[in-house]
Every structure is written in C-alpha cells, then in structure tokens.
Amino acid sequence: MKNLFIITFLLLILSLLVSCSPTRVTTDYDRNVYFSQFKTFGFYANTEVTNLSQLDQRRVLEAISSELQKRGLQPNETNPQLLIDVQGSQQQTQRQNASIGLGGGSWGRRGGGGVNVGIPIRTTQLQKSIVIDIVQAQTEQLIWQGVIDQTTGTRADSEQKIQEAVSKVFKDFPPK
C-alpha cells in the first residue's frame, strides 16, 4: 500500500512537470555580419510592443536594454549603430482536461477491475509571442532576430518570466 502511494505521488509530480509549458526561444542571424563591430544600440522612435499590456511592454523593453548592456553595448538614442524593433502578441486560451480510464487484472485465482473518471478542470492560460528584430542602422538590414513563445498561467508571474525569456533569447548574443 505504501508503494502504491509513493508511485501515485511520483506520477502526480511528473504530470505537473510535463504540463508546465517551458518558454521556447529561437534565434537567427546574418552569418556575414561581424557583430563585435557594434558598440551602441537604440530602439526605433515610438517603439511600442503592440498587443501586450503597457506593463509588459515596459518590462520587455527594459529587459532587452539590460541584456544588451550586459553584453557591452551602450544605449544611444541619437546615433545608434543598431536599432531594435519589438513586436508582440498575446492570446488567452482555455483548456479543459478530463480523462477516463478502464483497467483490469488478476491476483491468483481472483479477478478484478476498475474504472477511473477524471474531473473536468478548465484552466486559463496566457500565450505570449515576442519577436525582437535587430537592424543595422546604417543599412536598415535585419541582422538578428529572436522569437520568444511563452505560456503563463497568470499575469502575476509575468515580470519574472519576461526577464527569464529575454535572457534566454540573448544567451548566445552576439553571435561569434
């Protein structure tokens, strides 16, 4: 009986871990660009991350600025070498989970069976996508792009998740 409890508990923990959606990031860049030549960056004038709340817009822009400064680039709004453009989308989804299971077995000469019915549980999730474009200011050519796809359960954890996602997308920036 004790082993059954432990197995059930471990399966519950495993299902919770599997159900948590990780943040997915992808990046692409122009392999012909020598990124170490760039020392300054700025955002396009009137940069506004559409389709995100004003709080999340500010969080995204601050996180990007922080990550670029950690990598040696300095902000310069008057004459930047790199221009940053950010686009976002946000969608609220509802998911309903339910399950039905049937089982049977025997122990010695005795047979047995069972039925398991799951309780429908509706969960609301927030799906956010953020696209970060880095453009060489002089040529107006896209030289780097990062895409963040993230699912959160609530808005309350948004600030930390945005910072983690932006750090993750800039992990290998600048490309070598």
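Predicted model: local features only at pLDDT ≥ 70, side-chain atom pairs only at ≥ 80, totals over all residues.

What pLDDT does the protein average, and what share of the residues score at least 70?

A: The protein averages a pLDDT of 79. Of its residues, 67% score at least 70. One stretch calls for caution: over residues 14-19, pLDDT stays under 50. There the model has zero contacts beyond four places in sequence.

Now the helix pair. Two packed helices are described by the angle and the distance between their axes. The partner of α3 is α2, residues 54-70. Their axes come within 9 Å. They cross at roughly 35 degrees, and the crossing is right-handed. On the α2 side, the contact is made by D56, R59, V60, A63, I64 and E67. On the α3 side, S158, E159, I162, Q163, V166 and S167 make the contact. The residues of this contact divide into five nonpolar, three polar and four charged.

A probe the size of a water molecule, rolled over the atoms, shows where empty space is left. The second largest pocket holds about 160 Å³ of space. It is lined by 13 residues. T27, K168, V169, K171 and D172 are the closest to its centre. Both α3 and strand β1, residues 24-29, supply at least two residues each of the lining. β1 gives the most, with five residues. By class, the lining has six nonpolar, two polar and five charged residues.

Past the helix, check the backbone. P174 lies in the segment after α3. The peptide bond from F173 to P174 is cis, with omega near -5 degrees.

E140 is not a glycine, yet has a positive phi of about 60 degrees. E140 is placed in the loop between β7 (121-136) and β8 (141-152).

In short, α3 crosses α2 at roughly 35 degrees. The segment after α3 holds P174, with the cis peptide bond from F173.

Technical notes: Residues numbered from 1 in each chain as written. Heavy atoms only, no water. 1 Å grid on protein atoms, 1.4 Å probe; cavity = no way out; pocket = protein on both sides within 12 Å on 5 of 7 lines; lining within 4 Å. Points joined across faces, edges and corners; volume = space filled by probe spheres on them. Helix = DSSP H or I, 4+ residues; strand = E, 2+ residues; numbered from the N terminus. Nonpolar A, V, L, I, M, F, W, Y, C, P; charged D, E, K, R; others polar. Axes fitted to C-alpha atoms, helices over the stretch in contact; angles between N-to-C directions. Left-handed = near helix turned anticlockwise from the far one by under 90°. Contact = heavy atoms within 4.5 Å. pLDDT = per-residue confidence, 0-100.
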